[in-house]
Amino acid sequence: MSSNPRRRRLAAALALTTALALTAAACGDDGTSGDKGKEGSGKGEITFWDNNGGVRTEVWKEIIADFEKKNPDIKVNYVGIPAESVQSKYDTAIQGGGLPDVGGVGAAMLAAIAAQNALEPLDDRLAKSPLKDKLSTAMVDSVRAAGGGEQMFTLPTSANNGTLWYRTDLFEAAGLDEPSTWTKFYAAAEKLTDKGKNHFGYTIRGGEGSIAQALDAAYGQSGITEFWNGDKTTVNDPKNVAALEKYVGLFKKVTPSADLNNDFKKMVAQWDSGEIGMLSHNLGSYQDHLKALEGKFRGIPNPTLDDGTRVQVSNPVDGIGIFKSSKNKTAAWKFVEFALSHESNSKWNEAAGAIPSNLEAAGDGWVQSAEATKLAAAALNDGTIKIVQLPYYLPDWNSLSKADNEPNFQKVLLGKMSAKDFLDTLAGQLDEAQAEWKKQQ
Amino acid sequence: MITDYQPSVAPEVKHTRSGRSRGRRHRAWDEAPRWQIYLPLGIYLLFTLIPFYWIFLFAVRPAGSTSLVPWPMTGEHFAKVWTERSFATYFQNSVVTGVATLLMTTVVALVGGYALARFDFRGKRPFMLVLLCSQFVPGALLLVPLFRIFAELQLINSLASVVVAETVFQLPLSMILISGFIRNVPYSLEEAAWVDGCNRFHGFRVVVLPLLRPGLIAVGSFAFVHAWNHFLFALMFLSRQDKQTIPVGLNTLMSADSVDLGALAAGGIIAAVPVVIVFAFIQKWLITGFSSGAVKG
């Protein structure tokens, strides 16, 4: 160790300078935060972040190849981001820099990203685009609402729908009709259960993502069609409380007890590889069911009330947007337009088994032959489903509908909390979040 | 300074009551029925191996099969993740990241650990305290500052960013461990080397370094495995498909609404194999290393 005071002072000064330089680098603005970006030449490279990377990578690469063939002076760099981490990836990039030009943004996280002023409003561009009037109005309204209501920050690519998947082979063997009403659903769940043989009528979602499914079941049975009654939510309406009590009563009675920790992955894997009669999940798992149970299952929209009324909660609409910091917005918009064109939108949604946002694509042959998608699209578009619009526009919605309340739902399943207390707690939090949101408008 | 060596006299062994009872316990253990040993070990092994069997089963059975035995076997899931899902690229990137982190962590920890073990300097105790405390800071907390620093240094989308971040987070524990190992090497050995004409570096290289092998293997393997498995830095600092690593690749096999379990299991096996191989080769040094260095701070 040096005992020379001059050398020690020099070393200390050097260390301090380095520390200050690094701090300055960390605190300095790299030009992306609050950056308004540029229109650019419409040529060159753009980067696209896929918010559901992996499973949809192949179809996106195909669409990108088609786009580059048509626009040889634009190159698109594809980056697949794991769906579970995309929100944190966007948040870090918004704070630290490095946002892409174009990115996939689902309605569930749109409010949080739009609130950080990171996305470019697309209304003017859409008004001048050939896509005008070619996108589903319901989906456009949904992404507009999720972004705060005034501006449109993403264009919708697809919609999903809550679907009741059921095993046709098990239903036929038991002499059961399709579970088209809630009454038939409960009767079938009971009849198909034989715990001794490890056969169950239904699998319930008790883990991650359980709240949306529970709300779907509650509103579906209560028939309530509005999420808000003035400034108060309807989630804890006595009809919803009664419906949820009946629904959670299925746990362990006609479902495996391991369902307490079911996220969609476990739930779908369990249904695809076991002897379970019914599963509630959206259209996104269609391809998984097809691989495992081809010819032995069907997917229908959620059950109706006995009078034929069908009420479902809204599923988040997926979309793509342009980031304000993009230095080449012209090229980015060309890519967005291409991705939402008839051919590309049809191709993407066929791979995902989802409902296309492009109205021409929604009329394509594959939609007619994919029964679950066809039924969901028809039910959504012909007005036979009454959709309860969940408040995706609330910046707190993601936490309220997930980590904040999922443990409480598990308590309800275990009988340690009543359905009323659970819904009252949720209602209190939602009312507060809504009041806060209104104050900020 | 070399001091006179005073051989210590071995204490006379007395057969005390406790010594006798220990002997009895050893005999009782030796005479215990084998099942009393193997049954608990077997149960433990079963709990450990069933999840691995499950992964193996999903990885090798055809899509849609519900068979509980891995027959007929297929390599389609491995082929799919390796080629279509770019695992060949992710694997290569993970190897580069893991080996570079191993080398940087080991070298810097060796130098820092030597300083901590052999020198007394002002602020040494607070420095050790800060090293320990830095272990409590979660990486997620530093993501934005690190991102900005790497952006300034043009390291975003470069594997170097992950290597530097991993090394920085590995260093405190590694330095503490290495300094413990070095303290276990008698200072007099180095002094003897100096008397024989070595300078400090040469003395360290020929006398101390060979004795640190278990410690270096422990620290190096720990750094490699941590870098191999770490997801967060690779996800945040690498926004190019051709730069991503195995943990990020594994996560992309689970989409928002569907999951390809066969591909996920095959990807999991590809991710696990190098770690298993590393541990199989180094386990004897690893155990020696951690037991001799970890508790002597």
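Mentor: Start with the place where two domains face each other: the C-alpha centres of domain 1 and domain 2 of chain A lie 28 Å apart. This is a predicted model, in which local features need pLDDT of at least 70, side-chain atom pairs count only at pLDDT 80 or more, and totals for chains, interfaces and linings use all residues. Residues are numbered from 1 along each chain as its sequence is written, while chains are lettered from A and ligands numbered from 1 in the order in which they are written.

The domain bounds come from an automatic or database domain assignment. In that assignment, domain 1 of chain A consists of 44-160 + 317-380, and domain 2 of chain A consists of 162-315 + 388-440. Their contact involves 23 residues of domain 1 of chain A and 20 residues of domain 2 of chain A. Here two residues are in contact if their C-beta atoms, placed from the backbone, lie within 7 Å. On the domain 1 side, helix 4 (107-115), helix 6 (137-146) and helix 17 (371-381) of chain A each provide at least two residues. Helix 4 of chain A contributes the most to that side, with seven residues. Helices (H or I, at least four residues) and strands (E, at least two) are DSSP runs, numbered from the N terminus. By class, the domain 1 side that touches domain 2 of chain A has 16 nonpolar residues, six polar and one charged. Ala, Val, Leu, Ile, Met, Phe, Trp, Tyr, Cys and Pro count as nonpolar, Asp, Glu, Lys and Arg as charged, and the others, Gly among them, as polar.

Strand 9 (residues 276-282) of chain A is largely enclosed by the rest of the structure, because seven of its seven residues are buried. A residue is buried if 20 or more other C-beta atoms lie within 10 Å of its own, exposed if 12 or fewer, and partly exposed in between, with C-beta atoms placed from the backbone. Strand 9 of chain A pairs with strand 5 (residues 162-167) of chain A in the antiparallel sense over five bridges, and there Gly162(A) stands opposite Asn282(A). Strand 9 of chain A also pairs with strand 6 (residues 200-203) of chain A, in the parallel sense and over three bridges; Ile276(A) is the bridge partner of Phe200(A). Two strands pair if DSSP finds at least two bridges between them.

In helix 14 (residues 342-352) of chain A, the buried residues are Ser344(A), Asn345(A), Ser346(A), Lys347(A), Trp348(A), Asn349(A) and Ala352(A). They pack against helix 2 (57-70), strand 4 (155-159), helix 13 (329-339), strand 13 (355-356) and helix 15 (359-362) of chain A. After helix 14 of chain A comes Gly353(A), which has a positive phi near 70°.

Taken whole, chain A has 20 helices and 14 strands. Its C-alpha trace spans about 90 × 60 × 45 Å along its principal axes. Of its 441 residues, 49% count as buried. Among contacts in chain A between residues at least 6 apart in sequence, 77% join residues at least 24 apart.

Now the partner chain. Chain B has 13 helices and zero strands, and 36% of its 297 residues count as buried. In contact with 36 residues of chain A are 32 residues of chain B. On the chain B side, helix 6 (143-152), helix 11 (232-237) and helix 12 (246-251) of chain B each supply at least two residues, and helix 6 of chain B gives the largest share, eight residues. That side divides into 18 nonpolar, eight polar and six charged residues.

An unreviewed UniProt entry lists residues 37-60, 95-115, 127-147, 216-238 and 259-282 of chain B as "transmembrane region". UniProt positions are given in the numbering used here, feature names are shortened, and annotations may be inferred rather than shown by experiment. In the model, residues 95-115 of chain B are 100% helix and 0% strand, with end C-alpha atoms 30 Å apart. Residues 216-238 of chain B are 87% helix and 0% strand, and their end C-alpha atoms lie 29 Å apart.
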